[in-house]
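Work through the exercises below with the sequence and the 3D structure open. Try each task before you read its solution.

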Amino acid sequence: MDESSFSILVWLFGFIDNHFPWLALIVVWVFSNSLRTAVRSILLRLGSAQNVKLAGMEFDMTTREFARVETAYNQKIRTALLGIFDPMIQDHKLVSKFAQFVDDEVTSLMDRAIVSQETPDLLRCAVHVISPHDEEQIYQLIEFYPPSEPGKIKRGRMKSIRFGIIGRALRGNVTTYSGDINSNKYVSDWGMTPAEAEAVNRGNSTYLAIPIENELKQAIGVVSIDVGPKFAFGLDVSCEQLDERLRGSTGWAELSDSVAGIHMRARSEWAEYQTKS
């Protein structure tokens, strides 16, 4: 870029900043993850403030208005990612592969003295990947299996990589297990706020998260499993034993290869989407 073009860009952004401060903030918001984190923190401290003066300018910085902008942005991203991921999921027959893995491998490890044979006991499993649009976001790749809320679309939801047991498993690339989770542990062990803990608490007590690696042995996704009763896989089973049994299965090899392939392709298609949009 020559000096003249650069000067024009500087003038243009200055004009937007002076006359349309919200537009300037939104432009930077879209491209800066660090800004999004910082502004969220500021808003929490503003409380019920209606207007804020910064550098001689007055902003409408209400939490409600900012949340509206953030929601619109997140919905656009989610719609774009669904359009990228869903055809790949269908091509790889990922939903049926995952269902087979859960039915054959996961349920066979449950202690039938604890978990009823006739009922799913709130069994809920899903596949998540690191989002192509933001490496600090976890994207739910497919619907829960078995279906927990028929008719409601859960795939495409995103959470921070610092959130919950799936975040810990991804960050450390290590299988993570707890047979006795409760709301207090959501806060003390899994990095949630009390409000977040209340929102996700379904009454399930057994949680297991298994990282999915790519060819470079990097964690790019995770299988999450939660079950109603405490210690659903047995009172004496260890995290290492569960990891060995599940990741050593044929079903895991097929599932993880598909997820890694989908994730790699999605990153490429997301880059193309950004170029065009």
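Helices (H or I, at least four residues) and strands (E, at least two) are DSSP runs, numbered from the N terminus. Two strands pair if DSSP finds at least two bridges between them. This is a predicted model: local features need pLDDT of at least 70, side-chain atom pairs count only at pLDDT 80 or more, and totals for chains, interfaces and linings use all residues. Residues are numbered from 1 along each chain as its sequence is written, and side-chain values use heavy atoms, with hydrogens and water left out.

**Exercise 1. The sheet**

Task: Find the order of the six strands in the open sheet.

Solution: 
- Step 1. Read the order: 5-4-3-8-7-6, with antiparallel pairing.
- Step 2. Find the edges. Strand 5 (158–160) and strand 6 (176–178) each pair on one side only.
- Step 3. Look at one pair. Strand 3 (residues 124–130) and strand 8 (residues 219–227) run antiparallel, joined by six bridges. Within this pair, Ala126 stands opposite Ser224.

**Exercise 2. Helices on the sheet**

Task: Which strands do helix 5 and helix 9 touch?

Solution: 
- Step 1. Set the rules. Contact means heavy atoms within 4.5 Å. Axes are lines fitted to C-alpha atoms, for helices over the stretch in contact, and angles run from 0 to 180 degrees between N-to-C directions.
- Step 2. Take helix 5 (residues 94–106). It touches strand 3 and strand 8, and its direction makes about 125 degrees with that of strand 3.
- Step 3. Take helix 9 (residues 239–247). It touches strand 6, strand 7 (206–213) and strand 8, and its direction makes about 50 degrees with that of strand 7.

**Exercise 3. A serine in a helix**

Task: Is Ser258 buried or exposed?

Solution: 
- Step 1. Recall the cut-offs: buried means under 20% relative accessible area, exposed over 50%, partly exposed in between (1.4 Å probe, protein chains only).
- Step 2. Locate Ser258: it is found in helix 10 (residues 250–276).
- Step 3. Ser258 counts as buried because its relative accessibility is 4%.
- Step 4. List contacts. Leaving out residues up to four places away in sequence, Ser258 touches His92, Leu94 and Lys97.

**Exercise 4. The largest core**

Solution: 
- Step 1. Define it: a nonpolar core is a set of buried Ala, Val, Leu, Ile, Met, Phe, Trp, Tyr and Cys residues joined through side-chain atoms within 4.5 Å.
- Step 2. Among its 44 residues, those touching the most other members include Phe85, Ile225 and Val259.
- Step 3. Helix 4 (63–91) is one of the elements that supply at least two residues. Its nine residues are the largest share.
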